[in-house]
Amino acid sequence: MQSRRTALTWLSSVGLFGSAVLSAVSNLVFIKPRATYGQPMRFAIGKPDDFPPGTRISLDVKRVCIVREGNKMAAISTTCTHLGCIVGISDTGFACPCHGSRFDQDGNVTGGPAPKPLPWFKLSLAPNGELEVDKGQAVEAGSYLNV
Amino acid sequence: MSIQIEEKGQTRTTALQGIWTSVFRNPWPSTDLERSSTSFTNFFLHIHPVKVHKHTLKPAYTLGLGLISFFLFLILVVTGILLMFYYVPSTTQAYDRMLDLRGTVAFGIFLRNMHRWSAHGMVAMVFLHMCRVFLTGSYKKPREFNWVLGVMLLLVTLFLSFTGYLLPWDQLAFWAITVGTSIAAYAPLIGKEIQFVLLGDSTVGQEALLRFYVLHVAVLPAVLGLLVAIHFWRIRKDGGLSRPEEPTPRPPTPDPRPPSRIYGLQGFVRGAFNGGAPEDSVFSWPNLLLAELFVFVLTVSVILVVSLLFHAPLEEPVNVMHPPNPAKAPWYFLGLQEMVSYSAFWGGVGVPGLMVMLLIGVPYFDRNPKGVGRWFAKERLLANTVFLSLVVLNIIFIIVGTFFRGPNWTFVSPF
């Protein structure tokens with residue numbers, strides 16, 4: 001009799017506690033969005049001719065800098081790896097206005113608290129002739145797209 | 001002034017008096033019995049004990065800091081609810097609504113000023129209240145867990161302030177939150193997840209604004225209110241405010257009555273007045289009530305004057321392309337931001353995390369029972385010195401971050 005009561009108490013306790021944990025977890029699942037409404041990770045930025053050779057054009061809204069040297073093009077992130085501010089183009093590369101991180105032309109850290117270099121994103125040519133940046137895919141620094 | 005209820009049916013009560021006594025069960029107190037039952041039978045006064053120790057009412061002991069924090073919270077709730085009538089948590093409308101508060105809404109700018117300055121004040125007062133409790137050794141047994149609740153209240157206050165910071169959707173807001181949520185991303189293992197769930201996206205945008213709004217107006221105030229209720233309740237259950245141990249324990253007066261099985265209410269309250277003499281305590285009505293009223297009037301007056309004199313800042317609308325240089329967090333996070341400029345992980349997560357752990361653990365590490373209820377007790381020299389050095393260090397970081405940091409976070413002299 002006693003053992004049956006103990007067993008039932010245990011079972012119902014585990015059941016109640018388990019339900020509480022499950023509902024907490026489902027709330028967490030609920031608040032993590034499955035789709036985001038902000039900027040897409042992949043976007044077109046225009047034709048290669050919009051970026052003349054020798055220029056470094058920072059698209060601040062997209063948080064990416066399009067570099068063109070001759071026929072080689074690349075997309076370097078302008079989101080500071082320290083705390084997410086947008087780095088500006090400076091004489092020696094990039095500089096962050098928030099905590100003073102500095103990067104060279106290729107995004108390597110040359111000073112300040114930034115822990116990592118600026119990532120390079122995959123740049124490709126879409127069939128319609130437009131350049132497409134995919135911020136979901138980082139590529140090795142120094143990998144250029146030939147146009 | 002006294003209102004007669006009934007004297008054995010001899011005086012006739014008018015209809016008006018009947019209504020009055022149906023609402024207020026007690027006459028305006030004129031005897032000690034009525035003073036006790038006023039505190040006891042009124043819903044709002046019932047939070048008070050019938051009598052408090054005289055030491056509790058010494059202004060130089062508590063400085064009224066906890067009460068001031070609570071009254072600032074009340075002001076924040078009232079002004080916050082009023083502001084909600086005109087606010088829209090949308091990236092396209094929020095800033096315009098700020099301008100409307102300035103231009104068209106009656107008392108709009110004034111309400112926003114009150115809300116802003118009370119918020120800053122609350123952060124400062126909660127922090128100072130914590131310093132008072134530490135420096136008087138008030139976290140010791142049996143008040144350990146109330147100290148832990150206090151630490152949680154400090155954290156929720158900071159989070160409330162942080163979430164409110166984004167709502168005006170100006171440059172100040174956007175960049176402070178960009179920096180702040182990136183700090184969260186440095187937390188080990190789940191940092192990136194925390195940031196994503198907090199922002200609802202990978203960058204600060206519409207989703208983040210909506211989430212911060214819901215946290216700011218619903219979730220966090222509810223959590224804070226609940227914690228405050230437990231915090232207050234425990235003050236009562238832990239035997240009132242801390243006070244020095246009695247100089248000489250009085251011999252218990254022999255009770256002529258035989259032991260009875262009826263327990264006084266105080267019998268369930270740990271450490272309440274046991275051994276204390278009646279002359280050490282006073283009635284809550286009117287002594288405690290007047291003290292509270294005084295602090296309330298003082299708090300409201302200061303906030304009103306400050307809100308008349310100074311406007312809450314409102315910068316340019318959000319421009320994602322132009323971070324202000326330097327981009328600074330609110331002042332109470334500038335110490336954090338200064339540390340973050342040395343190392344993002346240690347400054348933003350490691351050191352603050354350790355500090356919070358240390359704060360929560362203090363009543364359990366510090367087992368020295370001496371020195372409760374006095375400021376800067378000699379027996380607590382070591383604990384107080386360690387605590388004060390950390391406080392001063394934090395203040396130095398805040399001052400450096402506020403006044404000595406210029407563009408690109410380089411060292412500048414304000415002079």
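**Exercise 1. Identify the residue in β10(A) that is the bridge partner of A:Leu123, and describe the pairing around it.**

Solution. In this predicted model, A:Leu123 has A:Val133 of β10(A) as its bridge partner.

**Exercise 2. Work out which strands stand at the edges of the open sheet of 4 strands in chain A.**

Solution. Begin with the strand order, which is β5-β6-β7-β8 in chain A, with antiparallel pairing. β5 (88-90) and β8 (109-111) of chain A each have a single partner strand, so they stand at the edges and one side of each lacks a neighbour in the sheet. Within the sheet, β6 (residues 93-95) and β7 (residues 102-103) of chain A run antiparallel and are joined by 2 bridges, and A:Ala95 has A:Arg102 in β7(A) as its bridge partner.

**Exercise 3. Decide whether α5(B) and α6(B) are roughly parallel or roughly perpendicular to each other.**

Solution. The axes of helix α5 (residues 94-103) and helix α6 (residues 108-135) of chain B come within 6 Å and cross at roughly 115 degrees. Angles of 65 to 115 degrees count as roughly perpendicular, and α5(B) and α6(B) are therefore roughly perpendicular to each other. As for the residues that meet, B:Asp100, B:Leu101 and B:Arg102 belong to α5(B), while B:Gly108, B:Ile109 and B:Arg112 belong to α6(B). By class, the residues of this contact of α5(B) with α6(B) divide into 2 nonpolar, 1 polar and 3 charged.

**Exercise 4. Describe the side of chain B that touches chain A, by element and by residue class.**

Solution. The contact brings 28 residues of chain B together with 20 residues of chain A. The elements giving two or more residues to the chain B side are α8 (171-184) and α10 (206-237) of chain B, and α8(B) supplies the largest share, 5 residues. Sorting that side of chain B by class then gives 14 nonpolar, 12 polar and 2 charged residues.

**Exercise 5. State how many Å separate the centres of the two domains of chain A.**

Solution. The domain assignment of chain A gives domain 1 (1-32) and domain 2 (42-146). Taken over C-alpha atoms, the centres of domain 1 and domain 2 of chain A are separated by 51 Å.

How values were computed
Residues are numbered from 1 along each chain as its sequence is written. Chains are lettered from A and ligands numbered from 1 in the order in which they are written. This is a predicted model: local features need pLDDT of at least 70, side-chain atom pairs count only at pLDDT 80 or more; totals for chains, interfaces and linings use all residues. Domain bounds come from an automatic or database domain assignment. Axes are lines fitted to C-alpha atoms, for helices over the stretch in contact, and angles run from 0 to 180 degrees between N-to-C directions. Angles under 35 degrees count as roughly parallel, over 145 as roughly antiparallel, 65 to 115 as roughly perpendicular and the rest as oblique. Two residues are in contact if their C-beta atoms, placed from the backbone, lie within 7 Å. Ala, Val, Leu, Ile, Met, Phe, Trp, Tyr, Cys and Pro count as nonpolar, Asp, Glu, Lys and Arg as charged, and the others, Gly among them, as polar. Two strands pair if DSSP finds at least two bridges between them.
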